[in-house]
Amino acid sequence: MSDIRRHLSTRVAAYALAVFGVWLVILMTGLNIYIGGELRSDLTNTLRVRAQAALSTVVTSNGRITSVRDVAHDADLDGGVWVIANGREVTTSGTARAPQLVASAAAGPPGPAARPGQQLLYVEPVIVDHTRVGAVVIVAGTNGIHRAAILMVIGSLIVGGLLLIGMYVVLRQTIARALRPV
């Protein structure tokens, strides 16, 4: 009779664990997707603010961009920032490979533009007299987001595995005690 109870408690615990496991996978997947979206949204907002700050330094005259005011002690903010007018750079952040990527993004729609190579570009158009005369383009790496997403998945797997192991032990003991009088 003991073997029947042990077999029954193992099966019931396994079924309950399977249901809990499916629920846990759905919950962890949703959480990872949500946090990944929030990280990307935060980066996009940061780029938007940087683009608007850079836009405030653009000098226009006679319906075109003439120059960019250089603010003292802003070297950290200048990295990855370009002002493009009529397909030419008014300023550059010093990165060699970005100008072709930036020039094509500058002609595109405003807002975030994902690019291959783990970069996110943000385009803020320069408007003079209701006409687009150029754009401020901000480039930022997304390595931090990808690393955080990988760490979230690894953490979810570890926590989920530990929860399932603990749940199985508790379920098995509880079911075995409940079947003892049977």
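Modeller: Start with accessibility. Buried means under 20% relative accessible area, exposed means over 50%, and partly exposed lies in between (1.4 Å probe, protein chains only). This is a predicted model, where local features need pLDDT of at least 70, side-chain atom pairs count only at pLDDT 80 or more, and totals for chains, interfaces and linings use all residues. Residues are numbered from 1 along each chain as its sequence is written, and side-chain values use heavy atoms, without hydrogens and water.

Biologist: Is Trp 23 buried, partly exposed or exposed?

Modeller: Trp 23 is partly exposed, because its relative accessibility is 49%. Phe 20 has 17%, so Phe 20 counts as buried.

Biologist: How is a pair of aromatic rings described?

Modeller: By the distance of the centres and the angle of the planes. Rings of Phe, Tyr and Trp (its six-membered ring) pair if their centres lie within 6.5 Å; planes under 30 degrees apart are stacked, over 60 edge-to-face, the rest tilted. That rule gives one aromatic pair here. Phe 20 and Trp 23 form this tilted pair, with 5.7 Å centre to centre and 35° between the planes. Both residues lie in helix H1, three residues apart, about one turn of the helix.

Biologist: What does pLDDT say about the chain?

Modeller: pLDDT is the predictor's confidence in each residue, from 0 to 100. Where pLDDT is low, the predicted coordinates should not be read in detail. The chain averages 83, and 87% of the residues score at least 70. Helices are DSSP runs (H or I, at least four residues), numbered from the N terminus. Confidence is lowest in helix H2 (residues 75-78), at a mean of 60, and highest in H4, at 90.

How values were computed: Helix = DSSP H or I, 4+ residues; strand = E, 2+ residues; numbered from the N terminus.
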